[in-house]
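Please look over the sequence and the structure shown here, and then read the briefing that follows.

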Amino acid sequence: MSEVKSIYLKDYKKPEFAIKDVSLVFDLYEEEAIVTNVMNIVKVDESVSDIELDSVDLELLELWLNDLQLKNTRYAYAEEKLKIFNVPNEFTLKIKNKIFPSTNTELEGLYKSGTIFCTQNEPEGFRRITPYLDRPDVMSIFTTTVIAEKSKYPILLSNGNKVQCHDNSNQRHGVTWLDPHPKPSYLFALVAGDLGCVNDEFITAGGEHVELNIYCDLGNESKCFHAMKSLKEAMVWDEEKYGREYDLEIYNIVAVDSFNMGAMENKGLNVFNSTYVLADKDTATDANFMGIQSVIAHEYFHNWTGNRITCRDWFQLTLKEGLTVFRDQCFSADLNSREVQRIEDVKSLRERQFVEDASPTAHPIQPDSYMSINNFYTATVYEKGAEIIRMIHTLLGAQNYRKATDLYFETFDGQAVRTDDFLWAMSTASGVDLSAFELWYHQSGTPTLKVKENYENGEYKLTLSQVVPHAVDDTKQKTYFFPLKMALLDENAKEVVEETLIVSQEEEVFTFKGLNSKPVLSINRDFSAPVIIEQEKNDYAFLMKHDKNSFIKYESAQSFAVLTLESMMKGEEIKQEFTEAYGYILDLDIDLSYKALLLELPSVSTLMQRQKVVDFEPIYEAKEKLQKHLATEYKDKLLEIYNKFHMPSNDDIESENIGKRAIKNRCLKLLSALESDEITQKVKKQYEESLTMTDRIVALDILENTHAGLAEAELTDFYKKYKKDTLVMNKYFSILSASEREGTLQRVKALQNDAAYDKKVPNLVRSLIGVFARNYKHFHAKDGSGYSFIADKIIEIDKINPQIASGLAGAFKIYKHLNSVNKRMMKAELERVVSTHSLSKNSFEIISKILKNNN
């Protein structure tokens, strides 16, 4: 694997050919598919004599240039390239090739999910279907005909609008689709199967009627209604907020079980991981319903930010993903609780992206090189990318931001563009100079902002110092430019100053005069910039009680809990001031979902990220001790809240009832630290009586971690009821692989032989193996058994599905921060994996970077 080559942004060259249009015919059979590909091609650079098409794992049957069938002396087929010699300036190329979808376990290109033919072509899957200029800056008009056995595959779908149906001989039939909008090959899609369907209609603001269909496995139709509702909400929102209407006669979504990603925005035919489509009140949690709403919207929003305007090259991936994540976050905030959504967004960023930024695989949102582009569908490109768009929104203001997006759509519709083009539109429409801001696109790591305060004679000075980490290659990086929302509060919590500062220097002082008393600083309100704040002093107790900014109230509660836990890890007593402040939050009459977040103690990941040398045992010990202390101190109040909001027969998924479940389950989890029979019986009763999956999953998780005997009986009951439902079994496997009790690794190993588990289904691998890799207690076991197990799984799964294997390899990113004992054992396993014969470039890239940049 030492010969794996990196691809560099600096080496980008414009395409030498343009494909004006392409006509595809798919003859689908059980063991194979015959693809006929007719392309009308024009030379862009007339000095070039040969055309090179991308081609992977294809059996070439026929090759025609205009009306001439080519002999093998006119072309060369090697190293994943089909080169055709001496082509004219304008020509038609006809290629006939054979592929084998039923044996395609990598789930890229055309493959089978169960009995369903489906595709995944982003980023480079189309070259596994037919030879093509498989790059995002080659955009063409696609006409697609799909032919298959009618009884087995009555539903035949592709991009665009349906233009013709064919009844062929021998019980076969076909459907032809035309997508009038030019698109790159990564947005091509095909689905064939015997599918159930939920149908609806949407009328655009311009009066156009759009047919809406959500397809799924037969029998799952009743689980599609929430997704349909979410789709229509997203269509309305995009019209109102961005002025974007849908542009085809039909919008199709298909849910499949075997899918590497969450979903794919193929033009007019979205293919979804079934996790993000299928839900009903018996089988889906509140979080599942919220996730479906978000992902359905995300893929729909891509119609303009990704499809109509796409990326020039894959280094520009955040152009579509960062922007679209920001859009779906705003959509979810508008439809639900804005304060809860913002906190959840930041939690996700810190849990995933901050860890990535501190690891050997840190990269800018616009990387400058890669070995496998599949490895850059990351939290950095997506979530940090969204935070950078959010900062632009703050710098421009809502009105100018809308003017700027209008300009972006008007100027670049139908084109493949760069992040620079987006920034041009933002700056041109608003008049705001963003040249200093552009560093956010090109530097990696999370900056720290050190805060010093001084108050004398009515004058308050705020000194801010940026500490920018070096890049992975130890290159010094420059100071950032960003907006920083802040306020100064007086002793009565009145805001005497509220401003958005522009931070742009390594160190700068902001002065505020005319204050009557020393103020309390409320800094980085709404998490206005993705930075780490370090303060010499803190007023966390005051802010978590009195700050009107919902994010700062949450941030102060988390920060105060972190300080308390860290002092406990040093052997100090529990801070009484924190205990009192926690009790104050318990008594607040506020939104219940928000209150549940305020009462949440910091995660193991949060505490881990603050340690120079990570040691998990003291973290777990401190958390368990604090949980038990708070449960003992406030047992009566916690029980009061639980009893008030525990409504086992209420399965409504409106926000008020989601909030009731959130707060009472937060209380129940805390009470479970008491390990008393009284609480255990409440947990057991909740599992047995509650109608919602949310309540039952919480109960099972508590029992699994606190009472193995009772857990076994209830988990057996759960398994018997849902063993045929793959999505619910994902939850079952996740509970068991996340368990903190002894013997978890042995149980995970045994579950690999369970009839409900299939290592070829990515969701099941993620729920059993992937969740275990994030189980800090057992993955980082002092005997190295967790490392050895995951290393074995990477080697095994890499042969089946390299994308999923490289995802598992991400668990080792913490390597350079570990204590010497764990680091030594992890290194041995990493070296074993990286030396494996025929390891994919996906896994090789991740692991080699971890080993290379470990200081």
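Predicted model: local features only at pLDDT ≥ 70, side-chain atom pairs only at ≥ 80, totals over all residues.

## Briefing: a helix and a sheet

Residues are numbered from 1 along each chain as its sequence is written, and side-chain values use heavy atoms, with hydrogens and water left out.

**Helix 5**

- Helix 5 covers residues 379-396 and reaches 25 Å from its first C-alpha to its last, close to the 26 Å expected at 1.5 Å a residue (1.5 Å times one less than the number of residues); helices are DSSP runs of H or I with at least four residues, and strands are runs of E with at least two, numbered from the N terminus.
- At Gly385, helix 5 bends by about 25°, the bend being the angle between axes fitted to the seven residues ending there and the seven starting there.

- An open sheet with mixed pairing is formed by 5 strands in the order 17-18-19-21-20, where two strands pair if DSSP finds at least two bridges between them.
- Its edge strands, each pairing on one side only, are strand 17 (195-203) and strand 20 (263-264).
- Strand 20 pairs with strand 21 (residues 269-273) in the antiparallel sense over 2 bridges, and Met264 stands opposite Val271 in strand 21.
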